[in-house]
Amino acid sequence: MRLKELTEGTTIADKLLLAALIIISVSGFIFIKKAFPQGTDVIIEVNGKQQYKLPLNTDITVSVKGVIGDTLIEIKNRKVRIKESPCPNKICIHNGWTDKGAIICLPNRVMVNIGGSVGIDSQREDKPRKTIDAITG
Amino acid sequence: MQSQDKYRIALLSAYAIAIHSFENLLPTPIPWLRLGIANIITLATLVLYGFRAAMMVTLIRVILSSIFIGTFLGPGFIMSFGGGVTSTFAIGVVFSLFPRLFGPVGLSLIGALFHNMAQLFLAYVMFVQKIEPILIVSPILILLGTITGIVNGVIAGMLIKSITKDKKSSS
C-alpha cells in the first residue's frame, strides 16, 4: 500500500494537531527533565542534628561548625567531599569525592549523608539506604 | 433507537470486545502501555453511526471485556473505564462540533490524548497522589499515545472507507 493512500483523508488540522502534540510532548519532556532533575539530597549532620539539606546537583561549598572546629564541605559535579577539616588524621579529606553513601568525620562529629532522594525515587525506596563508607578518626 | 442500530451496536461491540481482550493478552514492554486498537472500532462507530452508538460501544466494550478478563470493578477497570469514556466523549464533542475539521487520524490523536490525560488523572487520584511523577510520565505517555494514535487513526480511516464503500455498492 502506498503512503498516499494511507494519508488520504487526513486534513490540515490533523497534521497541525500531530505537530502540536509532538512539540508539546518533546518540549514537556525536556522541560520536566530540567524542572525535576533526579534529585538526591546531601544531608549534613553535626552531632546527630541536621544542619543542612542541599541538592546534590548544585555546586556549593558550606562550612559547618563541629565539636572541634569548622568543617568545609564541597559539592561539585554531583559529588561531595570534605575539603577542610580540623580533625587530626584527615581521613575524611582523604576519602575524597563520593556520590553515594556517607562521609563521616568522627572527631568533629560531622556526618555527610548522600541519599534521601526526592521525586520518583523516594516512592520506590521507602527507606533510603544508609550505608557508611568510612568512619574517620 | 431502531433495531438496525441495535444490531450494529451489538456487532461493533463484539468486535471491540474481541480486540480489547486480545490486546490484553499481548505482552507489552511497559505494563500500562496499551496499543488501544479497540479504539479503532469506537472511532469508526462515531464517524459512521454517531456519538450515541460510539458511547454505547465503548461502555459495552469496557464493561464486558473487564468481566471476561476478570478485572471488573478493580483499579484497572476504573482506569480503563475513565479513559474510554473520556476519550469517546472528547472525540464525540469534537466530531459533532467540527465534523469536517479533523480526519480519522486527528480524531484518533484527540482520543489518545484524552485517554491518557484521564488515566493520568485517575492514577493521580487513586495511586500516586504526588504531582511530580505524573508530570514526569505525562510527556512520555502523550508521545506514545500520539504514535499509537496515528496507527489507529490510519487503520480506522481504512475501515471507515471500506465500510462506506460496501454500503454504497450494496444499496
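Chain A holds an open sheet of three strands in the order β3-β4-β5, paired antiparallel. Strands here are DSSP E runs of at least two residues, helices are H or I runs of at least four, and both are numbered from the N terminus. Two strands pair if DSSP finds at least two bridges between them.

The model is predicted: local features need pLDDT of at least 70, side-chain atom pairs count only at pLDDT 80 or more, and totals for chains, interfaces and linings use all residues. Residues are numbered from 1 along each chain as its sequence is written, while chains are lettered from A and ligands numbered from 1 in the order in which they are written.

- β3(A) and β4 (residues 70-76) of chain A run antiparallel and are joined by six bridges.
- Opposite Val62(A) stands Ile73(A), in β4(A).

**Chain A overall**
- Chain A has four helices and eight strands.
- Their pattern along the sequence is α-α-β-β-β-β-β-α-β-β-α-β.
- Of the 137 residues in chain A, 22% are buried, meaning that 20 or more other C-beta atoms, placed from the backbone, lie within 10 Å of the residue's own.
- Contacts are pairs whose C-beta atoms, placed from the backbone, lie within 7 Å. Among those in chain A between residues at least 6 apart in sequence, 42% join residues at least 24 apart.

**Contact between the chains**
- Chain A contributes 18 residues and chain B 21 residues.
- On the side of chain A that touches chain B, α2(A) gives the most, with 11 residues.
- That side divides into 11 nonpolar, six polar and one charged residue. Nonpolar means Ala, Val, Leu, Ile, Met, Phe, Trp, Tyr, Cys and Pro; charged means Asp, Glu, Lys and Arg; the others, Gly among them, are polar.

**Nonpolar cores**
- A nonpolar core joins buried Ala, Val, Leu, Ile, Met, Phe, Trp, Tyr and Cys residues through C-beta atoms within 7 Å.
- The largest has 35 residues; Ile41(B), Leu43(B) and Leu109(B) are among those with the most contacts inside it.
- α2 (12-35) of chain A is one of the helices that each supply at least two residues of this core.
- α5(B) gives the most to this core, with nine residues.
- Apart from this core lies another, of 17 residues, including Val42(A) and Met111(A).

Conventions
A residue is buried if 20 or more other C-beta atoms lie within 10 Å of its own, exposed if 12 or fewer, and partly exposed in between; C-beta atoms are placed from the backbone. Two residues are in contact if their C-beta atoms, placed from the backbone, lie within 7 Å.
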